[in-house]
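Let's take a walk through the aromatic rings of this protein. Have the sequence and the model open side by side as you read.

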Amino acid sequence: MCLWDRPGIQMRRDSWQDGVLGTNCPIPPKWNWTYDFQVKDQIGSYFYFPSLNFQRAAGGFGSFVINNRDIIAIPFPQPDGDIEIFIGDWYTKNHTALRKALDAGKELGMPDGVLINGKGPYRYNTTLVPDGIEHETINVDPGKTYRLRVHNVGVSTSLNFRIQSHNLLLAETEGRYTMQQNYTDFDIHVGQSYSFLLSTDQNASSDYYIVASARFVNETIWQRVTGVAVLHYSNSKGSATGPLPDSPNDIYDKSRSMNQALSIRQNGSASGARPNPQGSFRYGSINITDTYVLKSVPPVTINGTQRATLNGISFVNPKTPLRLADKHNVKGVYKLDFPTRPLNRAPRKDISVINATYKGFIEVIFQNNDTVVQNFHIDGYSAFVVGMEYGDWTEDSRGRYNKWDAISRCNVQVFPEAWTAVLISLDNVGIWNIRSENLDRWYLGQETYLRIINPEENGETEFAAPDNVLYCGALSNLQKEQKHSSAMSIARKSSQLFLTLLIAIFAFSLS
């Protein structure tokens with residue numbers, strides 16, 4: 001069984017295409033299913049991955065890039081090249097073994113490595129890195145500018161990305177152009193995507209290290225899981241040598257990573273996918289209609305099993321997708337009783353959903369009282385990241401919100417014993433997943449859904465269910481047998497600017 005998610009692609013008016021269990025039935029082994037969705041109002045750097053049962057740890061992910069229309073200028077000179085870089089922690093155990101460990105109440109523990117584009121580390125240290133490991137080499141020409149699209153596709157580890165002797169000019173993140181700022185290194189959390197402009201302005205006396213190292217860990221112990229690739233100039237005179245560029249030191253400045261995150265500002269003068277400025281939306285002057293405080297804590301034991309929670313509720317995946325249950329009026333699949341605040345009660349497993357209001361403007365505070373950095377994702381939307389601080393959120397915290405140029409994105413980090421606040425305009429009808437992108441916490445139940453229904457729906461605010469909709473659970477009797485095909489295609493309906501993606505699951509099953 002498999003499903004495919006494309007975090008950050010908003011699936012406007014079409015949560016049927018979202019690729020998570022709340023909206024889609026799993027694709028059976030050896031079946032095909034076609035995703036058909038709009039991309040006309042978005043640009044940016046994203047990736048896709050299998051969304052069920054820890055399957056992302058087995059791979060299957062890839063880049064998903066949406067470019068500006070030809071008539072819309074990008075806010076920097078056209079780069080000389082476009083380079084995709086996937087970084088992420090890696091375990092030698094397969095995804096089913098990792099699931100079994102979590103089911104047994106164990107922690108994942110330290111990963112066995114950090115991969116860059118699926119490859120192990122360059123042998124920068126003969127003691128730490130064995131001989132014979134294949135590493136990634138990025139080939140560049142001197143005097144050029146390249147756009148690096150960097151994605152953290154890992155399991156649960158925040159990574160610091162840096163390139164020896166080079167600056168990283170931040171330009172875009174998850175569909176929004178940023179104010180351009182130079183960084184010597186950058187923290188990229190699980191599920192996040194960034195675009196950097198890299199100038200190949202060094203003298204190429206040798207190759208240069210590209211490094212992805214774990215954050216917020218004991219670096220002495222974690223040295224052997226550092227990812228290292230090579231930046232190779234076409235006129236390079238030798239191999240990369242010497243020590244790796246220094247990693248961030250947070251011993252004297254615990255707020256370094258948070259301050260870096262807060263320094264990401266939206267480029268209000270840049271246009272996006274269509275000719276109207278992204279910064280014209282005056283989010284800071286809109287009245288908030290509802291506030292949700294979503295609190296996470298370390299995993300707890302519920303009915304003898306280890307679970308992760310939000311507001312004391314550990315989400316149980318439904319046998320019948322929520323949106324499908326609504327469509328066919330199947331009762332009892334889920335409850336619209338998700339609490340707006342943490343409640344003083346014992347944790348429980350449930351299928352509890354947020355009953356959100358169409359065209360509302362909501363405030364969501366992610367309060368992280370867990371011991372690890374969390375990264376939260378919101379399907380169907382991009383949210384303004386208006387605040388981030390250590391401690392507990394209070395009503396007074398609103399006075400320190402950024403109400404002018406906060407970045408709008410779909411994945412946001414929340415540091416341990418800290419909070420992050422986002423504002424969301426609920427203009428996209430459907431049922432949309434809110435989850436931890438840390439695969440262990442997600443697998444253990446740290447998620448819920450936003451249910452957003454237009455009470456005056458007349459067919460204009462939401463697309464109908466697709467003809468190829470899959471049925472399962474209480475509606476499995478409606479499913480017809482599929483005639484299997486070995487075709488795999490990508491097609492575009494240019495008149496409507498739709499993207500059709502055929503995902504084919506043939507000879508294997510990611511169970």
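**Rings and their neighbours**

Start with R13, whose charged end sits over the ring of F463, 4.2 Å from its centre. "Over" here asks for NZ of Lys or CZ of Arg within 6 Å of the ring centre and within 35 degrees of the ring normal. R215 does it too: its charged end sits over the ring of F216, 4.5 Å from the centre.

A quick word on what you're looking at: this is a predicted model, where local features need pLDDT of at least 70, side-chain atom pairs count only at pLDDT 80 or more, and totals for chains, interfaces and linings use all residues. Residues are numbered from 1 along each chain as its sequence is written, and side-chain values use heavy atoms, leaving out hydrogens and water.

Now for rings meeting rings. Searching the whole structure turns up 22 aromatic pairs. Take W33 and Y35: their ring centres are 4.7 Å apart and their planes are at 75°, so this pair is edge-to-face. (Rings of Phe, Tyr and Trp, the last by its six-membered ring, pair if their centres lie within 6.5 Å; planes under 30 degrees apart are stacked, over 60 edge-to-face, the rest tilted.) W33 is buried at 4% relative accessible area, and Y35 is buried at 0%. (Buried means under 20%, exposed over 50%, partly exposed in between, with a 1.4 Å probe and protein chains only.)

Y390 and F415 make a tilted pair, because their centres are 6.3 Å apart and their planes at 45°. Y390 is partly exposed at 37% relative accessibility, while F415 is buried at 1%.

Finally, ring pairs link F161, Y183, F186, Y194 and F196 into a cluster.
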